Amino acid sequence: MKKKKFNLSGIVALVISLLVLVIFVPVNLIVNYYDKVYDMTPAKQYTLNEKTVELLDENSDKEIEVYFMLDSLKTVKDNPDYLALYHTLDELDKRSNITLECFEPDEEPERAKALDTSGTLGVERGDVFVKCGEITKRVAHSKIYQSADAEGTRVEYAGEELIASAIMACTSGSLKTMYYLTGHGEKKLDEAYIGYANSVKSDNYDFKELDLNETGSIPGNVAALYLVGPQKDITDKEYDIISAFLDNGGSMSMLLGPSETPGRFRNIEKILKTYGIEMDYDIVSETNPSNQLSDHSDTQNPNYMRVSFPEFDSDSQTQDLTTDINTVINSGRSIAGIFNTRSFAQLPEDQYDSEKIEVGSLMTNIPDANSKSTTKCTPMGGDETTAEFVETELEGLRLDYGFYSYNKVSGAKLFVLGSNDIINPDYLPSQPVASTTLTLFSNTWLYDNDIEMGIGNKATAYDYMEFKDEKEAKHVMALTAILPVAILIFGILVWIKRRHA
C-alpha cells in the first residue's frame, strides 16, 4: 500500500502565527503601557531639544504652571498634524516642578480670566500659557505652527522654541519692558495712551513710565525706550544716558508730534542726527481734497492725509518694516494715512556715519500727476531759522513722515514718526490707520520678545518619488502594490487546494 505523504505547510503556518501572537502582541502591549516613543523624525519633532532640557534642569527648583487651552492633551495626540505639540507638552508634564492643566476657555471663562487679569493678553482656544510667580506669558496658537513658504504648503513646528522662550522669560522674574519717558510735558501713559499700552502688553511686554532725571539709569529689563510727544527738550543728563544706551545696542521709539514750544530741541536733534535724520519744526496739511481723510468726528480734515509706505528694497536695505504694513493695507484692513504730523528728512551721507548706519523712509506724502507735492508745511515751534526753512524750502517737495535707523555694528535701532496722536484714541478715526498699526508692529523690530533659544522651527520631512513618465509610475505601483496582493491571493488559493493533502 502506498504511504500517504504528510504536508507540514499548515503546521508551519500555524506555528508561525502562534509565534507572532506570543512575541509581538505582548511587546505591543508593553510599549503602549509605557508609552515609549522612538523619534525617527529628521527634525526630532517628538523629542525636546537639549537646550530646552538644559533650561528645564536649570529651573527645576521653580514651580512652573503650564495651561493648554483645550479640554485635554488627547485632543492633539489623536491628530497627527499636532503630535509635535502633544509631545512637547507631555514632556513638560513629566517634570515634577511643572503642572500642566488643560481646559476650554469658553467653557471655563473665570479660569481663563485668571490667566489674563489685566485683559491685555487675550485668551483663545489652542493657546499655551506659562506662569511662574507673578509673571505670565501667552504663546498664541497661531504662532505654534508657522508657514515655511509663501503658499503655506510647508508648515513648521515652532511651539517648542516659543514655549521654551516663555519659560525663560517667566522664570527670569520680570517681563521685558517698554519704558515711556516722562518729564518733558508728555501726556500720561495710563490716560492718553492706555489703549495703545494695553496693545503692547498683549504682545507680552510690560509698559511703564520712567523719569531718567530721577532714576539716573535705565533698568536692566528694558526692551526699548519710548519718547512720545515731548513739549520740551530732554536734558543733557538724559541725552548722555540715552546716547550710551543706544551706543550699546539699545532701541528707541520716538513719536515726535508737532509742538508749539518756542525754541529748538537741541538734544533730541543731536540723537536724530547721529542716526542720519533731521527734524523739521512744522505741521503738515494736505491741500488736495482727494488725499484728505476723515478725522475722529468723521469730518474731512486737511491734517488727516493719505500717505505712501515705500516698498522694501533688498538691494539697499537689510531691515524691512514696510512689507507687513503694505500687506495689511492691500487687504483693506487699514488705510494708508497719518495725521497731525511733522516732517523729517534724511541727512546727506557725509553728515553721519553712513558706513554703519542704515536709514530708511517709513512713509511719504503722495505726489500729484506732475510729481509735485500737494502738502503744505506750516512752521510750528522752533526758532526763526527753522520757520524760514519751512516756509521757503519744503513747498512742493517729497516729505517723509517717519524713518527707521539701524546701526549695523552695535545693533542699535531707532523708530521715528512725526505724530504722537496716532496712538491717542481721542484723535483716531473710525477706520484703522496704517501709521498706528506700523507703530505697534515696530515693537517686535525694536525688541523681539520671543527669546531666541537657538532651537528653531522643526520642519516636517516628506519623502518623494519622481518618475520619468506615467508608464514608469504605473510600473512601480504594480511592483509595490498590485504584485504583493497578487502573490498573497495566489498563496491563499494554493493553501485552499492543498490544505487536506
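These are my notebook entries on what I looked up in the structure above.

**Ground rules**

I am working with a predicted model, in which local features need pLDDT of at least 70 and side-chain atom pairs count only at pLDDT 80 or more, while totals for chains, interfaces and linings use all residues. Residues are numbered from 1 along each chain as its sequence is written, and side-chain values use heavy atoms, with hydrogens and water left out.

I call a residue buried under 20% relative accessible area, exposed over 50% and partly exposed in between, with a 1.4 Å probe and protein chains only.

**Entry: aromatic pairs**

I began with the rings of Phe, Tyr and Trp (for Trp, the six-membered ring), which pair if their centres lie within 6.5 Å, and whose planes count as stacked under 30 degrees apart, edge-to-face over 60 and tilted for the rest. By this rule I find 10 aromatic pairs.

I looked at Tyr82 and Tyr145, whose ring centres are 5.2 Å apart with the planes at 85°, so this pair is edge-to-face. Tyr82 sits in the loop between helix H3 (74–77) and helix H4 (83–93), and Tyr145 is in strand E5 (residues 145–147), so the pair ties together parts that are 63 residues apart in sequence. I noted Tyr82 as partly exposed, because its relative accessibility is 36%.

I then turned to Tyr404 and Trp445, which also form an edge-to-face pair, at 5.9 Å centre to centre and 75° between the planes. This pair links distant parts of the chain, with Tyr404 in strand E19 (residues 400–407) and Trp445 in helix H15 (residues 434–446), 41 residues apart. Tyr404 is buried, at a relative accessible area of 2%, and Trp445 is buried as well, at 11%.

I also recorded a cluster in which ring pairs link Tyr180, Tyr193, Tyr196, Phe207 and Tyr226.

**Entry: salt bridges**

Side chains of opposite charge can pair when their charged atoms come close. I count a salt bridge where a side-chain nitrogen of Lys or Arg is within 4 Å of a carboxyl oxygen of Asp or Glu, and the structure holds 15 of them.

In one of these, the side chains of Asp57 and Arg95 meet at 2.7 Å, N to O. Asp57 lies in helix H2 (residues 50–58) and Arg95 in the loop between H4 and strand E2 (98–102), so parts 38 residues apart in sequence are tied together by the pair. I find Asp57 partly exposed at a relative accessible area of 44%, and Arg95 partly exposed at 21%.

In another, Glu124 and Arg138 meet at 4.0 Å, N to O. Glu124 is in the loop between helix H5 (109–115) and strand E3 (128–132), and Arg138 is in strand E4 (residues 135–139), 14 residues apart, so I noted a link between distant parts of the chain. Glu124 is partly exposed at 40%, whereas Arg138 is buried at 17%.

Glu269 forms a salt bridge with Lys273, and their closest N and O atoms are 3.9 Å apart. Both are in helix H12 (residues 266–274), and because they are four residues apart, about one helical turn separates them. Glu269 is buried at 7%, but Lys273 is partly exposed at 33%.

Lastly for this entry, I found Asp90, Glu91 and Lys94 linked in a network of salt bridges.

**Entry: a contact across the sequence**

Met252 and Ala412 are 160 residues apart in sequence, yet their C-alpha atoms are 8.3 Å apart in space. I placed Met252 in strand E10 (residues 251–255), where Met252 is buried with a relative accessible area of 0%.

**Entry: positive phi values**

Most residues other than glycine have a negative phi. I therefore noted Asp298, whose phi is positive, near 60°, and which is exposed at a relative accessible area of 54%. Asp298 lies in the loop between strand E13 (292–294) and strand E14 (300–306).

Asn340 likewise has a positive phi, near 50°, and is found in the loop between strand E15 (337–339) and strand E16 (344–346). At 13% relative accessibility, Asn340 counts as buried.

Key:
Helices (H or I, at least four residues) and strands (E, at least two) are DSSP runs, numbered from the N terminus.
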